[in-house]
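Me: I would like to go through some of the labels used for this structure and check each against its criterion. Please give the cut-offs along with the values.

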Amino acid sequence: MKRLIYILFLVLLALPLHAQSEETARILSYIQKAMNFNKVVPQEKVYLHFDNMGYFENETLWFKAYVTRTYDGHASDLSKVLYVELLNPSGDIIKTRKYAIDSLGVSHGELQLDSLLGSGFYEVRAYTRYMTNWGTNAVFSRVFPVFKKPKTEGDYSDLNINNGLYKFREPNNRDRGDSLYVNTMDNGIDIRNLMKTISVQFYPEGGDMIAGKRCRVAMMAVDDNGRPYESDGFVMNEKGDILATVETDSLGRGVFEIVPDTSGLTFQMQNLRPANRKGIPKRKGVQFFPMPQVKKEGCALHVDVVSEQMLATLQCSDGICGSMLGYVIMNNGNILRCDTLTAAPLIEMELDRQAMPGGVNQMTVFDSRGAIMAERLFFLCPKPDKSDSIRVTAITQKLKPCGKVELELQTKPNANLSFSAMDAHTMTNGKQGNMKTWMLLSSEVKGFIPNISYYFEADDAEHRKNADLLMMTQGWRRYDWRLMSERYIFRKAQPIEDQFYLNGQLRAYRKRNPVGGVHLQAILYNKEGQSLIGDTKTDSLGNYAFKMPFVDGEWRMCIYTARNTKKKTDQLKTYYVGIDRQFSPTPRFITPTEADILHPLAPNTFVKNPFEELNEEDVFVPITQKEHVLQNVTVKAKRRYFTNDDWRWKNEAYGRQYATLYYDADRELDNILDRGEETPYLFSFLKQKNSLFEYYENNTYMPRYDGKRINWIVSNGERNSSPDPTEMWLDDVKSIYIVPADPRVMNNSVNIYLYEHIKFYAEGNKGLRRTYFQGFNQASTFKTEDYSVIPPMADFRRTIWWQPDITTDAEGKAKVEFFNNSTCEEMYISVEGMTQDGKVLVNE
């Protein structure tokens, strides 16, 4: 910060003629506000390192989280609570975990891939509550293929996945409006031809096309599912003159230069063909798309990031020439360079490539009102540094079935690492980047980046050109100049969760208006008999907040309300107690490219010599075919067998077996009550949640799903006394499973399984809200058999070893020991981590 203040001081000295100018003073005040923004509104990033690159049903997904401050990369000292979610292909959150973040900014845990409604491409998201103030783009996200469970244990050759759950998912809760392909940025304009399935987006460099100024315009051609299209394009004016031509690449991207006038421009496309899909013929005919409007006044910005000597060029229209402008160049919200300038038809500024850090940088030009005149992002490939790598050395000379494996890691001293060893021959998917690619590029870009490692492998002209095209079409402004300069007010909806917060709003029962001056008492208790009590009072807007201590596990919670008046009726008055805990970001759109299975990586440790012959000890022999001496054991107790007459109607496996949709009724009801709404009828909830539910009126109301008759099955049909499902309330059931009709059968019905509560909730007292409070989930420990004690056995672990908490010594060394499985002959090792000063470490 001292360095930035010194830069500002130099700016003041360099402009003595304008020192008293009101325009200059305002520009410098915006710069000063931007300099303080990271102090006032710091941001966080989260990255997850996983134990594998693809999974099978019923496996465990292990991860370690690294939480950093965005502006300096150091471990975050802000948030202490991490949220990790598992989303199905339709965007439904099916698992949520809450883990503690320690003083090093790290956390680790796992997600059980059980109870999934089929194989498919599942998304893992991670974020802090504070990060949700910046929306979906700010959170960590990764998509994994989850394959069907092998029919034979250990046979991972049949990679069976149900693509239908992705391609034909209905209803789809993923937000296309927030996706890359329906762009919402100021400088991206989405033009759709409603008669066809192809859409084209145009991205003028700097934000706008200015009449009479040479402008660079990037474009992207995709279909409605986001799959890129290659094509030939032409830009024409109203007279039909061709002003520019462009050819899109394999990602559907292209760029062209144009000197536009104020007349309407049209973009013509022909020879359309899906990118990277052989055997599909080109589309015949021509398609036309209107282009963004050309502005008479403004600034056209071009940053040449391909040439070794970088040059920023600013062209200003006649109406702006002579006015004072300011500009800043930023990295992670830190101002690297700033100055004022007088607008002119052509301004050129040389930029020092070597003085700027690797990663995504941002250049913003603004006027004396703080309004953005031109802005763009550009990526600089980080300089290679061997000291940032992690070297893995095998102490064990050769892998043996169930044998001990010893490895040595060498990197920076006192570094915090996570380690995964995978069976190379059971890997099911390729790599989608690492901590370095996420921190420097993926987290600053909108949408998925195919083959992201490409942008880090070289810093030549070709790679720079492609990186520039990426930033022009997928750039996302993590740091909004309008907020940094305080032109717009930053409204922090969610707090920095340095402890548990329980907050919300109290509303009157009938008029639904906020109620102030009401005392609230929260009582929490768990199954161990522990209890917590908190008291607070609503403000004039009906808002309340409790500060909660850090606790583990799930707690039952009751919130009592009472107005402090002499009237007895006020003590029993009914209120809606809303709770602000539905801050999970909107699920993002996933394109077919991201849901492709990548080619698995080659092994990088214990790589076999194909000409080497196997010894007898290198081949696993099952325990049934070989004599082993077992240790003596003592039987302390015999297993007790029991029966439960209610097991049949409680068992949700019946409904889950063929279901494609599942709703956790308890969770959904809590979401509704958290918003201050009343409990709905079951079918009213289903209609609101899923547009395929509807009533068909034919003398009587008949509920339908996707136009088909519904066959309601309550508690597996074992509860004859259950009420009519159309007359049930949402709180009557705990789980809802939907089994769609078989399209091969005419007039087939839809089966909907409803599972009632074992014990129904008691009638709610006036002024009482019953719910739950989720504390921290406790991370499990990755366990394997100790083959130094027991003989080898059939062991088909695909993740051989996962260790999330390794710390190197003063020499930067650490030793890892574990046991192999019974079949692994080659391994792929993945090690990632971070130093205390925020240096990212990976084994590349």
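This is a predicted model: local features need pLDDT of at least 70, side-chain atom pairs count only at pLDDT 80 or more; totals for chains, interfaces and linings use all residues.

Me: Why is the pair of F500 and F776 called tilted?
Reply: The centres of F500 and F776 are 4.8 Å apart and the planes make 45°, so the angle falls under neither stacked nor edge-to-face and the pair is tilted. F500 lies in strand β29 (residues 500-508) and F776 in the loop between β41 (768-774) and β42 (799-807), so the pair ties together parts 276 residues apart in sequence. Strands (E, at least two residues) and helices (H or I, at least four) are DSSP runs, numbered from the N terminus.

Me: How do you know whether F500 and F776 are buried or exposed?
Reply: Buried means under 20% relative accessible area, exposed over 50%, and partly exposed in between (1.4 Å probe, protein chains only). F500 has 0% relative accessibility, so F500 counts as buried. At 5%, F776 counts as buried too.

Me: Which residues do ring pairs link into a cluster?
Reply: The cluster consists of Y47, F50, Y55, F140, F144 and W438.

Me: Why is K98 said to lie over the face of F773?
Reply: A charge sits over a ring if NZ of Lys or CZ of Arg is within 6 Å of the ring centre and within 35 degrees of the ring normal. K98 is 5.3 Å from the ring centre of F773, so the distance meets that limit. The charged end of R798 likewise sits over the ring of Y156, 5.7 Å from its centre.

Me: What does V124 touch?
Reply: Contact means heavy atoms within 4.5 Å. Leaving out residues up to four places away in sequence, V124 touches several residues, including L48, F50, L61, V84 and F140.

Me: Which conventions apply to numbering and atoms?
Reply: Residues are numbered from 1 along each chain as its sequence is written, and side-chain values use heavy atoms, without hydrogens and water. Local features need pLDDT of at least 70 and side-chain atom pairs 80 or more, while totals for chains, interfaces and linings use all residues.

How values were computed:
Rings of Phe, Tyr and Trp (its six-membered ring) pair if their centres lie within 6.5 Å; planes under 30 degrees apart count as stacked, over 60 as edge-to-face and the rest as tilted.
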